Amino acid sequence: MKPADQRIDDRKWDVVVAGGGHAGIEAALACARMGCVTLLVTMDPAAIGRTSCNPAIGGLAKGHLTREIDALGGEMGLCTDQTGIQFKTLNTSKGRAVWSPRAQIDKRRYARQMRRTVAKQENLTIIAGELTGIKVRRGKLQWVIIDRTLHVSTQTAILTCGTFLNGKIHLGLTNFRAGRLGEKPAGGITESLKDLGFRTGRLKTGTPPRLQRDSIDWGALTEIHGDPQPQPFSFRTPLPFNPPDIACHLAYTNDAVHAIISENLDQSPLYSGIIKAIGPRYCPSIEDKVVRFAQRNRHQLFLEPEWRDASQIYVNGFSTSLPREVQLSAIRLVPGLGRVKFMRPGYAIEYDFFPPSQLHATLETKEIAGLYLAGQINGTSGYEEAGAQGLLAGINAAAAVLGREPLILRRDEAYMGVLIDDLITKDSDEPYRMFTSRAEYRLLLRPDNADLRLAEKGVDYGLLDQGFAARLHQRRENIATFRKVCGETSIEWHNAEEAPAADNSNGRNGHRRRLSQLLKQPEMSLATVWEQLPDLLRALPAADLFTAETDIKYAGYIERQQALAVSMRRLDNTIIDARFNFSGITALRQEAREKLSRVRPETLGQAARISGVNPPDVALLALHLRRWHVSRETS
């Protein structure tokens, strides 16, 4: 907190961050750690780091983002390791590119740890207040307005307002203004930005009821545990890693549950027309599940403790905005929940967002220099997407203040790069959620190699120390050693059905096979041949062995993706000047002209990924860009 005798409007700040959620935390920490004098403005400092929905970090593709946040020097993964209560790798029945780490967290400890981290950070001041507007001069941010009266001078500002912007909660046919249940909404920012020419829209998300632990018949549910030897999220977490493993439980809805919901759809604000905003397609409410998947007679529900020895249980899979009594009647028809009591009901929330096509790839707005947007204000969903945006916005805001080059990640460098590129080039008519299917280079972007891809950038921007750089160097050497030894070492392979006849040209000699050839077989792993590995390899760290083995196993596919990335990079390296007039290309289709003029892509690669812009449009645009550059050079 700020000292009592210090007036925040008596000084010029380098960065002001609005909001203390996942995006705001990562943004504020990044700016302060890079040496910028940073002010974090939040309506309630006690709510910093609060996980307002599910008690988990990571998951499908979200685990990739969390590891990338950590690899750049962010805080989310480290805090998860310190406060997690169950760790699990999802999707292990599929290829390693889509394996995704996930952790249940102790929500109370997670928030406390984040508050401590923010509070002790040098260069960072926290104040209680509400950022209600901004002031601009000649297209450049000059001041932010706090609590409608206090004008604070700043070089840059990052807005990370989550679901609080003109938030409205819906519970049945009743609705009221709120940012989260029991917390007031944020007002003023939407109106301020609209006055400056920004486009805005409304989105919706929801949350399930919380149950009283002692009202559940646990014996009727299936117990679910985490991995016996989990890997930490953070590359900085000390090993060995031995977190707790507190069970979750699995239940199922049934036809009777679905009947109650179907009979009461007229009381759902989603189906009665009260909610106009669009919700997340890939995280539907229980009402949506019953309607959209009418052929299914049951849906999974995961009962997750919200903290150690929690009296409050989160019902993952039962997000709803039905009236409280309808929710209770329906959920009591689930086996094991027949006498359940609510701690609080589920609800939906509508909030303002700003279509992110109005942003540069740095997350700075195109209309106002020095103003950055990150998190759900950009139409995303999820803690991890918010944290990733906050970290990148923080790095780039600080870089702008310090006169450094911005950090723009390509689609072949990081899921973060995919996230930002999708946001600024795709139409956002629903909350954006990251999936592995969105990443065309996902074999290059695995969770296990996030540090190899990004940590040097984290060191360069001052978010990771030089000690980490030394560990990264050693890790690269270990992986190189593994690959070299595997290419030179043959071992006895006794399964005659899986060891083909001798073929010296392929490194085979009877039942002796090179390790590098064996590991490329889908059914093979290091564990299978562990006892025959040279001592040098068995002494290497498990994480290095896993990454090196994966590189060998998918070598052919990885090389093809790398070649594709190089070819696509030529488009991304073709810069489109901000002065270029898309509407003047009359030969372009009308839709393409409109989309290009609205998004104003910064590279030819971005233009090619805009919804509604086709390959012939890109070819024509490339021709006109060449002509435009020639005309500028000769004029």
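Mentor: Glu-488 is exposed, with a relative accessible area of 55%. Exposed here means over 50%, buried means under 20%, and partly exposed is anything in between (1.4 Å probe, protein chains only). Keep in mind that this is a predicted model, where local features need pLDDT of at least 70, side-chain atom pairs count only at pLDDT 80 or more, and totals for chains, interfaces and linings use all residues. Residues are numbered from 1 along each chain as its sequence is written, and side-chain values use heavy atoms, leaving out hydrogens and water.

Now find the partner of Glu-488: Lys-484 makes a salt bridge with it, and their closest N and O atoms are 3.0 Å apart. A salt bridge is a side-chain nitrogen of Lys or Arg within 4 Å of a carboxyl oxygen of Asp or Glu. Lys-484 is exposed too, at 53% relative accessibility. Helices are DSSP runs of H or I with at least four residues, strands are runs of E with at least two, and both are numbered from the N terminus.

Next, look at Lys-107 and Glu-306, whose salt bridge has its closest N and O atoms 3.2 Å apart. Lys-107 lies in helix α4, while Glu-306 is in the loop between β16 (300-305) and β17 (312-316), so this pair ties together parts of the chain that are 199 residues apart in sequence. Here both ends are covered: Lys-107 is buried, with a relative accessible area of 12%, and Glu-306 is buried as well, at 1%.

Then there's Arg-579, whose side chain meets that of Asp-577 in a salt bridge, 2.8 Å from N to O. Arg-579 is exposed, with 56% relative accessible area, whereas Asp-577 counts as partly exposed at 23%. Some bridges also share partners: Arg-411, Asp-421, Asp-422, Glu-440, Asp-572 and Arg-609 are joined that way into one network.

So where does that leave you? The count of salt bridges comes to 36.
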